[in-house]
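Subject: Structure handover

Hello,

Please find the structure below. My notes on it follow.

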Amino acid sequence: MAVVLALGEEAAPSIAAVIRDCLAHRASPAVGADEWERSQAAILILVVDCETDGEPCMPAAKFLRTLRRSECFANFSASICRRVAVLALARSVCASSSAMLGSTEKFSGGARVLKTLLSNGCTRLVPLGMAEVELQPVEACVLPWARAVCAAVDEADMDALDDIKPAGPGDSNSASLQDAPSAPDTKPPHGGGSDAHALSGMITAAALGVLAIAIVGAWRISRPI
């Protein structure tokens, strides 16, 4: 599940809410700038307010300092294959001031955040997004990027499912019918039937012998002297 984090107090919070709504079930509830790491999210989406000169805003600068000082962020991000996406929001009060900064300089704060994340164990989910929400409608400058993020998140989820392969017949933890223990053999041993018949015959012969002795003994007793 993705965490959408707003770095800034101008347009970032509202744009982050738009992206979160677009992600729908793919995104977790909103978290603060000081709480996001507790979620240990494998997908991190940052919306960064840039100053009028293109530099990262104060919350974004604080985020970068915290990131650089962290002793475990890079290793943990690499271990969970954390993917990141950054949307940079330029603050251009008019079209002329926007043109003065050039096409990329006004988004340099967001680019710096993305570069720092990539150098600390993260991988890029989508290219850097750039929007001038004061001059362009959200439908034109934000939603196309948000839809690309949704598609990338779905693809990442499918890749994770592909890594979970079902156990095959050659796996050590899969048991086949041939390996299953067989039921104990309840049949009598070879020749057991004839032995039983022989024993029965011996018992019958012995009984007849006892009966014959009894008859002979009775005849002798009853014979006149």
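Helices (H or I, at least four residues) and strands (E, at least two) are DSSP runs, numbered from the N terminus. The model is a predicted one, in which local features need pLDDT of at least 70 and side-chain atom pairs count only at pLDDT 80 or more, while totals for chains, interfaces and linings use all residues. Residues are numbered from 1 along each chain as its sequence is written, and side-chain values use heavy atoms, with hydrogens and water left out.

Asparagine 120 sits in the loop between H5 and strand S4 (123–124). Its relative accessible area is 15%, so asparagine 120 is buried (buried means under 20% relative accessible area, exposed over 50%, partly exposed in between, with a 1.4 Å probe and protein chains only). Between asparagine 120 and cysteine 72 there are 9.6 Å in space, C-alpha to C-alpha, for a sequence separation of 48 residues. Cysteine 72 is exposed, at 52% relative accessibility.

On cysteines, the whole structure contains 0 disulfides (a disulfide being a pair of cysteine sulfur atoms within 2.5 Å). For cysteine 150, the closest cysteine sulfur is that of cysteine 22, at 3.8 Å, which is too far for a bond. Cysteine 150 is buried, with 8% relative accessible area.

Leucine 23 belongs to helix H1 and is buried at 0% relative accessibility. Leucine 23 lies 9.4 Å from valine 4, C-alpha to C-alpha, and the two are 19 residues apart in sequence.

Salt bridges come next. How many does a search of the whole structure find? There are 3, where a salt bridge is a side-chain nitrogen of Lys or Arg within 4 Å of a carboxyl oxygen of Asp or Glu.

- Arginine 26 and aspartate 154 form a salt bridge with an N to O distance of 2.8 Å. Arginine 26 is in the loop between helix H1 (12–23) and strand S2 (43–49) and aspartate 154 is in helix H7 (residues 143–163), so this pair ties together parts that are 128 residues apart in sequence. Arginine 26 is buried at 17% relative accessible area, and aspartate 154 is partly exposed at 31%.
- Glutamate 55 and arginine 112 form a salt bridge in which the closest N and O atoms are 2.8 Å apart. This pair links distant parts of the chain, 57 residues apart, with arginine 112 in helix H5 (residues 108–118) and glutamate 55 in the loop between S2 and H2. Both are partly exposed: arginine 112 has a relative accessible area of 35%, and glutamate 55 is at 30%.
- Lysine 106 and glutamate 132 form a salt bridge at 3.1 Å, N to O. Here too distant parts of the chain are linked, 26 residues apart: glutamate 132 is in the loop between strand S5 (129–131) and helix H6 (138–141), and lysine 106 is in the loop between helix H4 (95–101) and H5. Glutamate 132 and lysine 106 are both buried.

Lastly, Lys62, Arg65, Arg68 and Arg69 make up a positive surface patch. Patches are made of residues with over 30% relative accessible area and no salt bridge, with like charges joined within 9 Å and nonpolar side chains (Val, Leu, Ile, Met, Phe, Trp, Tyr) within 5 Å. Arginine 69 is in helix H2 (residues 58–69) and is exposed, at 67% relative accessibility.

Regards

Terms used:
Accessible areas come from the Shrake-Rupley method with a 1.4 Å probe; for residues, only the protein chains shown count as cover. Lys and Arg count as positive and Asp and Glu as negative; His and the chain ends are not counted. The place of a charge is taken as NZ of Lys, CZ of Arg, CG of Asp or CD of Glu.
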